[in-house]
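Trainee: Please take one part of this model and look at it closely, keeping to a single pocket and the element that matters for it.

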Amino acid sequence: MTTAAPAEAAPHKNSSGSAERTPRFRRPGRIRRIALPYLLLLPALILELLVHLVPMVIGIVMSFKELTQFHIRDWGTAPWTGLSNYEVSVDFDAPVGEALLHSFFVTVAFTLLSVGLCWLIGTAAAIYMQDTFRGRGLLRALFLVPYALPVYAAVITWVFMFQHDNGLVNHVLHDQLGITDKPSFWLIGDNSFVALLVVSVWKGWPFAFLIVMAGLQNIPKEQYEAAALDGAGMWQQIRRITLPSLRPVNQVLVLVLFLWTFNDFNTPYVLFGRTAPQAADLISVHIYQASFVTWNFGTGSAMSVLLLLFLLVVTGVYLLLTSRGRKTADV
C-alpha cells in the first residue's frame, strides 16, 4: 500500500538563474495563530448579539406595532401601525407628547447638574489627594465607598434618610441646625428633584475621582516643580498644567457620565417607586411607566427608539467637536 507524498514546493528560477522553492500551502500553525484571536472574541460577540443587539431590534419592531395588554401574550399578532406611535410621542400638544417633553427637559437639567457636580467634586478631590499626608490611603478608600456599594442598598439608605418624620436629613437641617422652618418632604413635590440630584452626585462623583486620579499619575512632577520655580501658584498650575493634561481623560469621562446619568433608571426607581414625582420624572422612568404601567408597549418602544437616536446624535456631535478641538490643540 502506497502513501501520498507530502506537497512539496514548486521550484522556480529567480533573477540570478538559481532555482528557489515557494511554499504551495500555508503552514497549519500560522493559520491557527491568525484564527485564534477571532475564536477568543467569538463568545463575547455572541453574548453581545444576544444581550444587546437582539433586544434592540425587537424593540424597534415593537415600536411599529399597536402592542397593548390585549396582544402581550402573543405580541407577533399585534397590528402594524406604522409611525403612529412616533407621531403620538412627538405630538407635544397632546397629553402624551407634552408629558414626554416635560420629562425630557427634567432629564436634561438633571444630567447637566449631576455630571457637572460629579466632575467638579471628583476633580477637586483627586487633585487634593496628590499631596502626601498621613491617612491618605484610608481617605481614598472612604471616597470610593459610594461607588463600591450596590445601587439598591445605597439608595434605600437614602430613602430612610429623606423620610419626613424620622429622617436624618430633616433631623439635621431642622432640629439640629434650624435651617428650615419645618420638616420638608423630600420624596414628593419640588424637593424630589433636589433629593434625586443629591443621591446621584453622592453615588457618581467617586467614579470621576477614580478616573481623574488615574489621569493625574501621567503628568510629570517636573512640570509642577518648574512652574513653582517660575513663581506659578496653585491655581495657575491647575489651569496651565493639570486641566490641559487631563483633557483627553475628561473628554471620555464626561461622555461616560452623561450617558450613564441620562439613562439612569435604578436611582429614581428605588428612590421614588414606580411613579416618580413630576419634578423628578426622568425619561427612563417615564418610558417604564408608559410601557409597564399603562401597558402601551408600542408607544413605550417608540419613546425608547427616540431616546436612542437622541443619544446617538449627541454622542456623535460631542465626539466630532472634541476631535476637532484636539486637532486644533495639536496644531
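Mentor: The lining of the second largest pocket divides into nine nonpolar residues, five polar and four charged (Ala, Val, Leu, Ile, Met, Phe, Trp, Tyr, Cys and Pro count as nonpolar, Asp, Glu, Lys and Arg as charged, the others as polar). This is a predicted model, in which local features need pLDDT of at least 70 and side-chain atom pairs count only at pLDDT 80 or more, whereas totals for chains, interfaces and linings use all residues. Residues are numbered from 1 along each chain, and side-chain values use heavy atoms, without hydrogens and water.

The volume of this pocket is about 580 Å³ (an open set of 1 Å grid points where a 1.4 Å probe fits, with protein on both sides within 12 Å along at least five of seven lines; lining residues have an atom within 4 Å of a point). Among its 18 lining residues, Ile127, Gln130, Asp131, Tyr224 and Thr242 are the closest to the centre. Helix 3 (95–128), helix 4 (136–143), helix 9 (221–229) and helix 10 (234–245) each give two or more residues to this lining, and the largest share, five residues, comes from helix 10 (helices are DSSP runs, H or I, of at least four residues).

Helix 10 has Gln237, Ile238, Ile241 and Thr242 as its buried residues (under 20% relative accessible area; exposed is over 50%). Because these cover an arc of only 125° around the axis, they lie on the same side of helix 10. The face turned away from that buried side carries the exposed residues Trp235, Arg239 and Arg240.

Key:
Grid points are joined across faces, edges and corners, and a volume is the space filled by probe spheres set on the points. Buried means under 20% relative accessible area, exposed over 50%, partly exposed in between (1.4 Å probe, protein chains only). The arc is that of the directions from the helix axis to the C-beta atoms.
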